[in-house]
Amino acid sequence: MIDKSAITQQYISYMLENGKKPVSIYAFSKILEISESEFYNFYSSFESIEKDIWNNLFVETVETLESDQTYQEYSSKDKLLAFYYMWVQKLRNNRSYIVAQKCQKSNSILFNNESLESFKNSFYKYLEQIIQEGVEKNEIKDRKFLTDKYAHGFWMQTLFILNYWIKDSSLNFEMTDAAIEKSVNLSFKLIADNALDSLVDFGKFIFQKTN
Amino acid sequence: MKDQESIPTSKLERTAHFVSTGVKIGGNYVKHYTQRLLNQDVTKEDLHKDNADDIYETLSHLKGSALKVAQMLSMDRGLLPKSYQDKFQLSQYSAPPLSGPLVTNTFIKSFGKIPSQIFDSFEIVASNAASIGQVHKATKNGKKLAIKIQYPGVANSITSDLRMVKPIAVRLVGLSTRDADKYFEEVETKLLEETDYQLELRRSIELSTACKHIENLHFPTYYPEFSSNRIITMDWLDGMHMVDFLATNPSKETRNKVGQALWDFYDFQVHTLKQVHADPHPGNFLFKEDGTVNIFDFGCIKVIPQDFYKAYFTLIDQSIYKDEAKVKQIYEELEMIHAEDSQKEIDFFFPLFKKMIDMLTLPFTVNEFDFGDDSYFGGIYQFTEDLSNMKEIKESKKARGSRHSLYINRTYYGLYHILFDLKSVVQTSKKLELV
């Protein structure tokens, strides 16, 4: 019986062995030993397979994390750290495919890559929860207008980590670990209550006074 | 322990930290000289204190090798003005810990298991920080264990960190750039060795086995099966840091007992094993009320080359100074004077080196030495102050002193200072066998 995961697996192997997409859905269905019409029961295009590959990696990561009791007790920052470490572990299994994708699309994997879209949407939902928790626990400062933008920042961070990992040539991707640790530390420092808030507050005060 | 809120992320950011320190130090000098113009009472101590504050502030924002260099500098306390010493001492105990998820991730990468699958209990919050890693407490089969975990990417950043620390270090200790190159290479090699946990594990087992017979010392058992490139597992040792130990007002006998154990430990390593635990800062020893010492952390081992050993320790024998040609030859072997030196330079440095060596080797020449003697340390301190003020030395661009002497001197400075702080009287009458 063919299913979605069999199709994605076959697609990845095809890409890795041939260095390019199958010429048509017809040709690919033949390899899968199903009819073209049957293929459309699962996917509408190669692009939707690619989107699914990224999204599956994300879903698997979160599932693994959420099954762990200690993860549930983590602070928002530690949750996100754990997410990145686990995600990068999962990426390892598909490194060749990802690196090949990157080469094919030159730098476009960094921004606006369509194949990352479903992953991005799921990630935003996941973040929403983490940010909300962080705000409730006073780990993250709730700022008018800005809070909604935090997720976007973390998405950029994710792309940064992905890019770093693709280029990382250190043993066991040790430098990626350092990059994750340091960048998450930094971003959480930025969104915590910090000097900037006091500055804005002081600015407002002076403004009121002088008026 | 509080998590540090951020670690400077990129090389650029780290550089920025150092640059601003440089600027601040510059500023402190300006401030110093302006104040001097207005007020004669401002002392050089004030300037040193300002500088030490700024440098420490910078270094405390950095991890890894920068912290290590701070430790190195603070080890050579004799070479540093007093106010730097106190500041740097701080860096020896605490550095900010890494996150729980990273600790877990390191275990998964090393063993494919999370800590709680390996140990009966594991404290995710680090109990203390080493300069390139941190230590966690765990238990297994009723045994308390200490698990040392290395920060990721340490080895990669050492070289670039050192390059940044260099100008500041050069300024601090007044080395010429050429001196610095030679010594920094030695430091870099040693630091890179310290990141090699497999090597450290092997050496720890070897050295602690070889030194097992020395009285009043304890070493942990190491567990290779729970160790990897980034993790070392050993027995958890109890005891007090030196400051806390001294705060309990240990008796004279206890202090002597502790001091003797440390002395014997180093004596045996230097003269018998010819390799030495070259990191005798107080954080690597834990003292107990009964006068025994726990020793761990064999990350920094200096193997003493035979030629160097022979030359260095021949100078302890005062009678050698009757034969000036021989002394000159030894000084040359130790790279303290060079064949191309002018007679004037030789005449200048010769007595200085003799005085320095006499001072440092004094404990070896007697049967019993009182390290609590203030005048001895005052003398060393005064001498190094004088040295750093001598025009001829400041202007000498030549490297003086073998690269090997760096860690050996550091070891003895460190040991002497611990013994000084302990105010121990030690039986030092070890017969040297020079082959």
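1. In this predicted model, one helix-helix contact in chain A can be listed residue by residue: from helix 4 of chain A come Leu57(A), Glu60(A), Thr61(A), Thr64(A) and Leu65(A), and they meet Ala82(A), Phe83(A), Met86(A), Trp87(A), Lys90(A) and Leu91(A) of helix 6 of chain A. By class, the residues of this contact are seven nonpolar, two polar and two charged.

2. The geometry of the pair is as follows. Packed helices are described by the angle between their axes and by the distance between the axes. Helix 4 of chain A covers residues 46-66, and its axis lies 9 Å from that of helix 6 of chain A, at an angle of about 125°. Angles of 65 to 115 degrees count as roughly perpendicular and those over 145 as roughly antiparallel, so helix 4 of chain A and helix 6 of chain A are oblique to each other. Their crossing is right-handed.

3. The contact between the chains involves 16 residues of chain A and 14 residues of chain B. Which helix of chain A gives the most to the side that touches chain B? Helix 10 of chain A does, with ten residues. The residues on that side of chain A comprise six nonpolar, four polar and six charged.

4. As a whole, chain A has eleven helices and zero strands. The C-alpha trace of chain A spans about 75 × 40 × 35 Å along its principal axes.

5. Chain A has 211 residues, and 28% of them count as buried. Among the contacts in chain A with a separation of 6 or more, 69% come from residues 24 or more positions apart.

6. In chain B, strand 4 (residues 143-150) and strand 6 run antiparallel and are joined by five bridges. Within this pairing, Lys148(B) stands opposite Ile232(B), which belongs to strand 6 of chain B.

7. Is strand 6 of chain B (residues 231-235) largely enclosed or largely exposed? Four of its five residues are buried, so strand 6 of chain B is largely enclosed by the rest of the structure. A residue counts as buried here if 20 or more other C-beta atoms lie within 10 Å of its own.

How values were computed. Residues are numbered from 1 along each chain as its sequence is written. Chains are lettered from A and ligands numbered from 1 in the order in which they are written. This is a predicted model: local features need pLDDT of at least 70, side-chain atom pairs count only at pLDDT 80 or more; totals for chains, interfaces and linings use all residues. A residue is buried if 20 or more other C-beta atoms lie within 10 Å of its own, exposed if 12 or fewer, and partly exposed in between; C-beta atoms are placed from the backbone. Helices (H or I, at least four residues) and strands (E, at least two) are DSSP runs, numbered from the N terminus. Two strands pair if DSSP finds at least two bridges between them. Two residues are in contact if their C-beta atoms, placed from the backbone, lie within 7 Å. Ala, Val, Leu, Ile, Met, Phe, Trp, Tyr, Cys and Pro count as nonpolar, Asp, Glu, Lys and Arg as charged, and the others, Gly among them, as polar. Axes are lines fitted to C-alpha atoms, for helices over the stretch in contact, and angles run from 0 to 180 degrees between N-to-C directions. Angles under 35 degrees count as roughly parallel, over 145 as roughly antiparallel, 65 to 115 as roughly perpendicular and the rest as oblique. A crossing is left-handed if the near helix is turned anticlockwise from the far one by less than a right angle, and right-handed if clockwise.
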